[in-house]
Amino acid sequence: MSNAAYVAAWEPQSGKSLVVLGVMELLSRRVERLAYFRPIHDGDPATDRRLRLARQRYRLAAPIEQMGGVDRATAERLLSEGDEDELLKRVLDRFRRLAAESDFVLCEGTDYTSAGAAFEFDFNARLAVHLGCPALVVGSGVGKRAGEVVRSLRSALAAFSEQGDVVIAAILNRVDSAEVAAVRSELDSGSVGCGGIDGCPLFVVPEEPSLARPTLSQIAEAVGARWLHDPGDTAQRDVASTLVAAMQLPNWLERVTDGCLVITPGDRSDILLGAACTLISDGFPKVAAVLLSGGLEPSPVVERLLKGMRECLPPVLLVEGDTYNAATAVQRVRPLIEPENARKIAAALGAFERSVDGDLLAERIAVSRSGRVTPLMFEYDLIDRARRAEKTIVLPEGTDDRVLRAAAELIERRVAKLVLLGPAPAIKARAAALGLDLSQAEVIDPAESADRQRYADELNRLRKHKGVTPEAAYDQLAEVNYFGTMMVQLGDAHGMVSGAAHTTAQTIRPALQIIRTVEGCSIVSSVFLMCLPDRVLVYGDCAVNPDPNPEQLADIAISSAETARRFGVEPRVAMLSYSTGASGEGEAVEKVREATRLARERRPDLSIEGPIQYDAAVDASVAKTKLPGSQVAGHATVFVFPDLDSGNNTYKAVQRSAGAVAIGPVLQGLKKPVNDLSRGCTVADIVNTVAITAIQAQDA
């Protein structure tokens, strides 16, 4: 059995990068020591974009220099000299060194960027055989009808077979959406997206338009442009088309399309201002950016005007060349998937996961799941479970850029259905400025919602014993966290995620007042899912309760055990203290001892130990000395801290010093899931928290 596979395209424009990303994602869920290898790479490995993408996204252990075989210039020289054997020997030597230190290596073939495309096909086939890798072959549907696509597939499979390759599967990528059904019919597929020719599984992936579009950053680099203003993250937005603006403003406006790059001489201030207006005009196509040619900057008075409207100004680039040469250079830019562009990565993975049967492909690759759980495995299992849950999550902070970017990723990968709260024009305008497609998210303005009165009636019913009048309830629902919480309470959403722009109290208070705690639990608490290199641990409570009493601490322990089980961690609960067993005394130790007694009494089915020190909880050798015979000591998976001070400091210390990935805080104890974000959260934090909330909603 090979511990490697070779992704090879049989023609140009195959979109092979999408397939490589999809397969790496699939492998990262199953393989602990995963590696990626490019037999022929572009120049210096440190600057090869695909090597950087694989290493950064999948946290690969191998140095980037070991991930490449031979640089393209050397490969072309050896081939021109007729010394293919020497080239193959060098590639094989580098490959074997990497494979010796890895559980699985995914190899990516060449890109058909040279003149000899037919030769490149044969070379990739021979190279796969030489490395001993079964092949995953990829073809392109660009510009082809169904019959042409299938004929090219059959020819490619025959050619690989002649070379002696073992083909794992074939992927027909970039198939026109109008041709997908016909292609599958031609293949006589037994199920959607998968069939077989000569026993080889086949998958049909429709064209993903965003992947065929370069980003502003790629265009700026390719044409040597500089930014007139710092574009921030908008540099990673896609350009759908280019539009040269040589005519007067009214005529030009008639030709504007969504996502277009406007190329115009730098002295055409009317076009620049018109482009800015497209971003704030409701219902008008939104310009992606403006490229000013001729090295001409806007006049000082225009620059002053633009400075005051920076929020609604499209990115502006400046190039020294004339308009014609600038437009020609832009047309030559090749779109690439880069590590910095999370949305393009999400689009690629979404297209792959919707069309490729991952379990079948993993079976064909013959890779089994590792017994250890790495952070990457855990994170991607979250996404997979959330996708299958098909829940609706409300995001009250719909005007926050991080929330909008996370929403775009979640939509691309179909992790959950989303509701964004806030003024619809502001959300849509900001999404357009960021180049985000949020058309599949529902946008609700609490101030104008038709449901506001219905929610107010229910809030009044729930809180009138606390003096909340119908009028006060109606007013409260103008606040997005109250509105979002009522959506969850009444079943219009399955969960809520907030906190990017609100305090923990602002997020949790409505949930405590409206949703309330589960029966038998007196307190809402939190845990962090701590993803260490080889396992996942659960830490609670590290974010909510400053100094819980014994009864509350017992509830936190039980809730934390349930959360651990929900996320696939077998709960063995350690009630932490500065003393182990009966060795210590003092008020703090007695609190933990009483909490342990109460937790065991309430849940005799759980393995709970306390008081216990952290070293005795995690280290089997220490446990033998300090607490021999304990089922938990040395093997704990759930750690309950006696107070917020110790819990918060410990999780941060482990996160920073041990390189752990801390996912959370995950709130627990509520009847329906509401989760709190840190105000310093990243887009990835929001994505993970939404996935967690969707999973919690399955059991709510």
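These legends describe close-up views of a predicted model.

**View 1. Strand S12 and its surroundings.** Strand S12 covers residues 287-293. The strand is mostly covered, with seven of its seven residues buried. S12 pairs with strand S11 and also with strand S13.

**View 2. Pairing of S11 with S12.** Strand S11 spans residues 260-265. S11 and S12 run parallel and are joined by six bridges.

**View 3. The β-α-β unit.** Helix H10, residues 269-280, belongs to a unit with S11 and S12. Together the three elements make a right-handed β-α-β unit.

**View 4. Pairing of S12 with S13.** Strand S13 takes in residues 316-318. Three bridges link S12 to S13, and the two strands run parallel. Leu292 has Leu318 of S13 as its bridge partner.

**View 5. Packing of helices H16 and H17.** Two packed helices are described by the angle between their axes and the distance between the axes. H16 is formed by residues 401-412, and H17 by residues 424-434. The helices pack at an angle of about 70 degrees, and their axes lie 11 Å apart. Angles of 65 to 115 degrees count as roughly perpendicular, so H16 and H17 are roughly perpendicular to each other.

**View 6. Residues at the H16 and H17 contact.** H16 contributes Asp401, Leu404 and Arg405. From H17 come Ile427, Arg430, Ala431 and Leu434. Four of the contact residues are nonpolar and three are charged, with no polar ones.

Terms used
Residues are numbered from 1 along each chain as its sequence is written. This is a predicted model: local features need pLDDT of at least 70, side-chain atom pairs count only at pLDDT 80 or more; totals for chains, interfaces and linings use all residues. Side-chain values use heavy atoms; hydrogens and water are left out. Axes are lines fitted to C-alpha atoms, for helices over the stretch in contact, and angles run from 0 to 180 degrees between N-to-C directions. Helices (H or I, at least four residues) and strands (E, at least two) are DSSP runs, numbered from the N terminus. Angles under 35 degrees count as roughly parallel, over 145 as roughly antiparallel, 65 to 115 as roughly perpendicular and the rest as oblique. Contact means heavy atoms within 4.5 Å. Ala, Val, Leu, Ile, Met, Phe, Trp, Tyr, Cys and Pro count as nonpolar, Asp, Glu, Lys and Arg as charged, and the others, Gly among them, as polar. Buried means under 20% relative accessible area, exposed over 50%, partly exposed in between (1.4 Å probe, protein chains only). Two strands pair if DSSP finds at least two bridges between them. A crossover is right-handed if, with the strands pointing away from the viewer, the path from the first strand over the helix to the second runs clockwise.
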